[in-house]
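Hi everyone, thanks for making time.

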Amino acid sequence: MVDFYYLPGSSPCRAVQMTAEAVGVSLNLKYLDLMAGAHRSADYTKLNPQRTIPTLVDGSVVLCESRAALTYLCERYAKDDSDLYPKDVVRRAAINQRLYFDACVLYPRFAEFFHPQVFGDAPPDEKKRAAFERAIMLLDHFLSESEFVAGPQMTIADISLFATLATVCALKFDLRPYSNVDRWYVCMMTTCPGAQMNMAGAIEFLAYK
């Protein structure tokens with residue numbers, strides 16, 4: 001059994017849950033109430049000194065970054081040469097690039113724009129809105145080149161980005177002006193393992209004020 005410390009409203013947590021479902025791994029879910037400060041407990045700090053979520057624990061393996069957990073689950077548990085994270089070096093490079101785009105560009109710009117509004121009732125910052133929208137435009141460009149973000153098949157990069165955008169959509173951001181993103185998002189809602197859990201968790205995020 002793989003232990004998984006998580007919060008349903010967290011996009012990175014949901015990305016790991018969807019990937020685990022896709023590769024057939026059962027997660028022992030351990031709810032971590034960040035609003036109550038559970039991530040600051042001595043036991044959790046010992047496990048994850050960053051005090052972040054998610055944290056995945058598989059025996060002696062402890063991973064505190066969601067994208068690292070996605071690749072680990074595929075490399076350890078996916079059957080044969082899974083399309084989710086294939087062994088081909090060139091295909092993996094494309095997937096990794098999109099994963100890093102989510103981790104370093106899209107998700108941070110989402111958090112910088114939306115978190116002050118959700119957690120602090122701040123008015124929208126137009127400069128941060130513009131930066132976030134530029135990231136969506138980049139994603140739209142990627143999706144103009146292929147059906148999924150890193151090629152013709154769904155990969156863990158799609159799953160990671162789908163988790164991020166589910167929260168964005170729960171916050172009423174309109175994807176329709178970005179036709180390639182909109183087309184891809186509708187497809188992910190119907191084909192991605194764990195999609196309904198992802199959507200439900202995104203809605204729960206709205207209650208974390």
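I'll go through some helix contacts, then a pocket, then a loop.

First, some ground rules. This is a predicted model, so local features need pLDDT of at least 70 and side-chain atom pairs count only at pLDDT 80 or more, while totals for chains, interfaces and linings use all residues. Residues are numbered from 1 along each chain as its sequence is written, and side-chain values use heavy atoms, with hydrogens and water left out.

Let's start with helices. Two packed helices are described by the angle between their axes and the distance between the axes. The helices I name (H or I, at least four residues) and the strands (E, at least two) are DSSP runs, numbered from the N terminus. Axes are lines fitted to C-alpha atoms, for helices over the stretch in contact, with angles from 0 to 180 degrees between N-to-C directions.

How do α1 and α3 cross? The axes of α1, residues 11-23, and α3, residues 66-77, come within 9 Å and cross at roughly 5°. That makes α1 roughly parallel to α3; angles under 35 degrees count as roughly parallel, over 145 as roughly antiparallel, 65 to 115 as roughly perpendicular and the rest as oblique. On the α1 side, the contact (heavy atoms within 4.5 Å) includes Pro12, Ala15 and Val16, and on the α3 side it includes Leu70, Leu73 and Tyr77. The contact residues divide into ten nonpolar, two polar and no charged. Here Ala, Val, Leu, Ile, Met, Phe, Trp, Tyr, Cys and Pro count as nonpolar, Asp, Glu, Lys and Arg as charged, and the others, Gly among them, as polar.

Helix α1 also meets α8, residues 195-205, where the axes come within 9 Å and cross at roughly 165°. That makes α1 roughly antiparallel to α8. Arg14, Gln17 and Met18 of α1 make this contact with Ala195, Met197, Asn198, Gly201 and Ala202 of α8. By class, that is four nonpolar, three polar and one charged.

Next, α4 and α6 (residues 156-170): their axes come within 8 Å and cross at roughly 15°. So α4 is roughly parallel to α6. Among the α4 residues in this contact are Arg98, Asp102 and Phe110, and the whole set divides into eleven nonpolar, three polar and two charged.

Now the pocket. On a 1 Å grid over the protein atoms alone, a pocket is an open set of points where a 1.4 Å probe fits, with protein on both sides within 12 Å along at least five of seven lines, and lining residues have an atom within 4 Å of a point. Which residues lie nearest the centre of the largest one? They are Ser10, Pro12, Ile53, Tyr107 and His115, out of 23 lining residues. Helix α4 (89-120) gives the largest share of that lining, six residues. By class, the lining has 14 nonpolar, seven polar and two charged residues.

Finally, the loop between α2 (42-47) and β3 (55-58), where Pro54 sits. A cis peptide bond joins Ile53 and Pro54, with omega about 0°. Arg51 lies in that loop between α2 and β3 too, and Arg51 has a positive phi of about 60° although it is not a glycine.

Thanks, happy to chat!
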